[in-house]
Amino acid sequence: MVGKEKNKIISHKQLQDVAGKGLLSLQPPEKIRIAVGYATCGIAAGADAVYQAFEDFIRKEQLTDEIILTKTGCFGFCKQEPFVNVVYPGKPLVIYYNVAPEEVKKIIEATFQKDVFLEKALCKIEHWNHHTAELDYGKGFEQVPIWNELPYYSHQQKVVMRNAGITNPNSIEEYIAVGGYKSLFKVLKNNLSPDDVIDIITDSGLRGRGGAGFPTGIKWRNTRKENSETKYIICNADEGDPGAYMNRNEMESDPHMIIEGMIVGAYAVGASSGYIYIRAEYPLAINRLQRAIEQAREYGLLGNNILGTDFSFDIKITCGAGAFVCGEETALIASLEGEAGRPRVRPPYPSVSGLWQNPTNINNVETWCNVPVIIEKGAEWFKTLGSQNNAGTKVFSLVGNVNKVGLVEVELGTHIETIVCEIGACGIDDNKIKAVQTGGPSGGCIPAHLFDTPVDYDNMKKVGSIMGSGGIVVLDETSCMVDTAKYFLNFSVDESCGKCVPCREGLKHMHEILDRITKGKGKSEDIDLLKVMSDTIKKTSLCGLGQTAPNPVITTLQYFENEYIQHIEEKVCEAKVCRELTSFYIVADKCTGCTLCAKHCPVDAISGQAKYIHVIDQETCISCSSCFNVCPFDAIVKLSGESIDTPENPIPVVKK
Amino acid sequence: MKVEEIDEILKKYSEPTGQTLSILEDIQAREGYLSKELMPVVAKKIGLPLAKLYSVATFYSFFNLQPVGTHIISVCMGTACHVKGATQIFEALLDLLNLEGEGMTENRKFILTTEDKCCTVTQARCFGACSMAPVININEKVYGYVTVQKLPKILKEYGWKGKK
Amino acid sequence: MIMNKKVEIKIDDTAYLVNEGENILSFCKTVGIDIPALCYNEALKPYGACRLCVVEVKKGGNVRPGITASCTLKASEGLEIITQTEEIHQHRKILFQLYLAQAPDSQVIHKLAEKYGVNETPFPPKRKENDNLGNECVLCGQCVRVCNEIIEKGVIHYIGRGYYVSINTAYNMPSDICMGCKACAEVCPTGAIQFEDIGDTRHGHSWSETKIPLKQCSICGAYYAPQPFDEKILGKMNPEIEKKLTEMCPVCRRKYMSKKQTAIKENRFSILNLK
């Protein structure tokens, strides 16, 4: 891309000029705009091939003057990627799902005829509320549902994800076209003092979206009131909860909203430098943010004398290096200082003595995302969303054994039932849903009978879990709760920094106990020991990792103690997950002797030749499920605590 | 890696001690790993005791302290992937590549490299592609909806010649 | 502390007048209130690793009421804490059980645990073959902190993280910067760090057999100080010190000084003619 001469934005008119440019590419008046979803999910699902197919077709048919081909972020329905959205001037924006390269031609042809390729049309947008702006796309295409008429989107409120999947994340002009960076004028050029800004954020009731839910306004105030020439703000983008990827999408689909939020925050607390600490596993997010920072600098929105005022601020990106514990504030600071990520004692809190002992304000990615919208629309507006003391929306990643997997943004206070069953369309393969796990390794399991619990900071705590950063993993009858607890504990053991005894030593021993239980070697005193250890580790650990690591064990013991007892006393794993307690048998009258299972068995435990009923040797079998997964005739059963009769040796298949 | 190349990397950073992680990441991006020969040189240039630099390198899972193969295969062991059978994928991978052994390094990372140095298998925490679980990542390319059956085809893309 | 402002705090329902900002664990020790601690050292910043010093905060202190490490508490007006409760005893019991498993061969830990009523542990021992710290280390971190922050050499550091974290030199190789000052061994609460002087060399058995040359006394021939450490100290001393003294071991130095004083008293300088 050729570098263009860009003028630094000082006046409102200059901002509007850039907005105009952006609008031309977002809603070209005389061209068709085709945007391919290009966040990590989309790319993994094949967006590259789709984009290539469009590019080739457009070139071949010489349509470059009539079609603008571009990229966009993620609209949230990750299971249905690759997404493509198409705009014909004056017609509704159409979102196509699960697009294959072969369908590119049909989409373009239909569009030219001012029509829709119905087969792959998911929904349409006639009017879009970016909150910082509103855009009209024209009416029509009656056969296509409006986006929020779809069950998946019907309860969703896109505030954080207001631009994701619509605008091009690589274009600052498009961001400005939908009202981006307007809040800077309000804050820097409208006689709003830093304290005024903090008042707005405090009034809005915004709470930290990283999981702790600490009131953001109070945090900012604490840093503001420190007397120091040097202060820092940090964006915590070390999203480490496995199964949670909201922040990743926020950074990949709309990097500028984070930057805008940070500029406002820096002004409010008095910082002139900011850091974004991103985990190394997110290379695309790092790339998009880096680009966005450079673009912001070119327009004078970062750097010296922003908007011509005497406020200067710039942002640096630093990558993590694979340590979950660095999501903890003091560990993150240690990591930024070039050390191992070992948490430090608090007090002193980072707002008093943080990065290089200077007052530092750290907030999660999603917290920063909410700032521009709150400034633009006001604290009162923000409070109309969400519930009492839990204002606003939250992006959740709905994953696991649920039908519709993806990112979901709903008002805080929405019931679990709504998210899992109405938006997520309940369990897969008609399996009964057992529980959801929220808050990752720091959170807990919430059983199905408590799905009428509203999802927000306070209510999640009441049932023993935490909302955390937004990961919601759906577990069904094929999940073993003891195995789940063991999985999360294993994660915490691996990620423990090793500084304090309860976490370093205690979690490891808890994991050993759980391991024994899942292997049929549990002892009757194990449950009490787990409870007592959980309490000590929770109360005496140095940092949040240790303090919350026992939560999966505590909640599964609270709601699923029967599973633990079954494992210990009966040596049974009802979900048939724990290998040492699960056996596999070939059902004689279903086996056709195809030999597929024997070929896949890694330990040669299956005997039999072609057209002979195969037999699994229980002594040799390691319960790895390979045979179970490959049998085309469902002739293999998984059992725990029971067995079926099988021939001792392979016998010929009886022809029916 | 030559000394000049290290200097080149260091020039990017204004306060080298504060940017230890970034410097090590840049070096690993070029060399594939942090060699025992290079570390004392880097420590001296950054102004850190070697023990401290080694402490940082062994703390973070990201750093390889041993040479790695041409292709790095990371199996995601995140929650969504775990629920969808990541362990089986991991074991099948080790089996297909004939990889055995403890695999644990000083920084408690599981990492094994094939004899012909073609492939390195490691575990990763979560790539954030949970909707397509189970997921593996080869040289930064993400593969979703992976099954044991699909593995041989994927491996062949990287020059795998079949199980020995 | 610039101001010597006094504040009133309550410990176990007894009121005390304390300097504002004074470390609570430290204060408790001075007034004889028993709180165990392994990672606390007056010379180092509070570290919060051993967790044995936990107390219950009833109110005040700018911290939430509840269980907190007393080494991180600072005296402020109205702070009220309790050092002995059922809950604290329960936590200490589990913690000591963890310690017994972690440092199975440490007599110091066994005795300390016994003092608090813990004689056995349900957890399997962490025993490494040929452990450089004899399976007596509790990873309190004092040695690392002393060497890096006070002595400012950085011979040793943590290696890895989590349960298998260890402390040693880089790559478990002998160090060429160790001064042999033994500050690490001095601060180690369990005595796990081993140094041995054999002939003209100080052997750092715990630190990958690091060897430090010892300085020899010019009078009696005894090996009395690690050379690098000696050089560092001399570098900080008054350059006008009599050079002879810097080549003598403490015993010979004392003898020389006493002879010198006698000589000065009796005006008999000839006795200062030492071989």
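Pro347(A) lies in the loop between helix H12 (329–336) and S11 of chain A, where helices (H or I, at least four residues) and strands (E, at least two) are DSSP runs numbered from the N terminus. A cis peptide bond, with omega about 5°, joins Arg346(A) to Pro347(A). Pro348(A) sits in the loop between H12 and S11 of chain A too, and the bond from Pro347(A) to Pro348(A) is also cis, with omega about 5°.

Please keep in mind that this is a predicted model, in which local features need pLDDT of at least 70, side-chain atom pairs count only at pLDDT 80 or more, and totals for chains, interfaces and linings use all residues. Residues are numbered from 1 along each chain as its sequence is written, while chains are lettered from A and ligands numbered from 1 in the order in which they are written.

**Confidence in chain A**

- Chain A has a mean pLDDT of 94, with 99% of its residues at 70 or more; pLDDT is the predictor's confidence in each residue, from 0 to 100.
- Within chain A, helix H10 (residues 255–269) has the highest confidence, at 98, and helix H23 (residues 626–630) the lowest, at a mean of 86.
- Residues 1–5 of chain A have pLDDT below 50, and beyond near neighbours in sequence this stretch makes 0 contacts in the model. Two residues are in contact if their C-beta atoms, placed from the backbone, lie within 7 Å.
- Where pLDDT is low, the predicted coordinates should not be read in detail.

- Strand S8 (residues 232–237) of chain A is largely enclosed by the rest of the structure, because 6 of its 6 residues are buried. A residue is buried if 20 or more other C-beta atoms lie within 10 Å of its own, exposed if 12 or fewer, and partly exposed in between, with C-beta atoms placed from the backbone.
- On one side of S8(A), Tyr232(A), Ile234(A) and Asn236(A) are buried, and on the other so are Ile233(A), Cys235(A) and Ala237(A), which leaves both faces covered.
- S8(A) runs parallel to strand S9 (residues 273–278) of chain A, and 6 bridges join them; two strands pair if DSSP finds at least two bridges between them.
- Ala237(A) has Ile278(A) as its bridge partner in S9(A).
- Strand S11 (residues 360–364) of chain A pairs with S8(A) in the parallel sense as well, over 5 bridges.
- In S11(A), Asn363(A) stands opposite Cys235(A).

**Two tyrosines with positive phi**

- Tyr181(A), in the loop between helix H5 (172–177) and helix H6 (182–188) of chain A, has phi near 65°, a positive value in a residue other than glycine.
- Tyr181(A) is buried, since 24 other C-beta atoms lie within 10 Å.
- Tyr145(B) is found in the loop between strand S5 (141–143) and helix H7 (151–156) of chain B, and its phi is positive, about 50°, although it is not a glycine.
- Tyr145(B) counts as partly exposed, because it has 13 C-beta neighbours inside 10 Å.

**Domains of chains A and B**

- Chain A is divided into domain 1 (12–175), domain 2 (193–381), domain 3 (386–476), domain 4 (481–570) and domain 5 (582–652). Domain bounds come from an automatic or database domain assignment.
- Taken over C-alpha atoms, the centres of domain 4 and domain 5 of chain A are separated by 35 Å.
- Chain B is divided into domain 1 (3–59) and domain 2 (71–156), with C-alpha centres 28 Å apart.

**Overall form of chain C**

- Chain C has 7 helices and 11 strands.
- Of the 275 residues of chain C, 38% count as buried.

**Where the chains meet**

- Chain B gives 35 residues and chain A 42 residues to their contact.
- On the side of chain B that touches chain A, the elements giving two or more residues are helix H2 (20–31), helix H4 (50–59), helix H5 (79–83) and helix H6 (86–96) of chain B.
- Chain C gives 15 residues and chain B 12 residues to their contact.
- Strand S6 (residues 157–159) of chain C supplies the largest share of the side of chain C that touches chain B, 3 residues.
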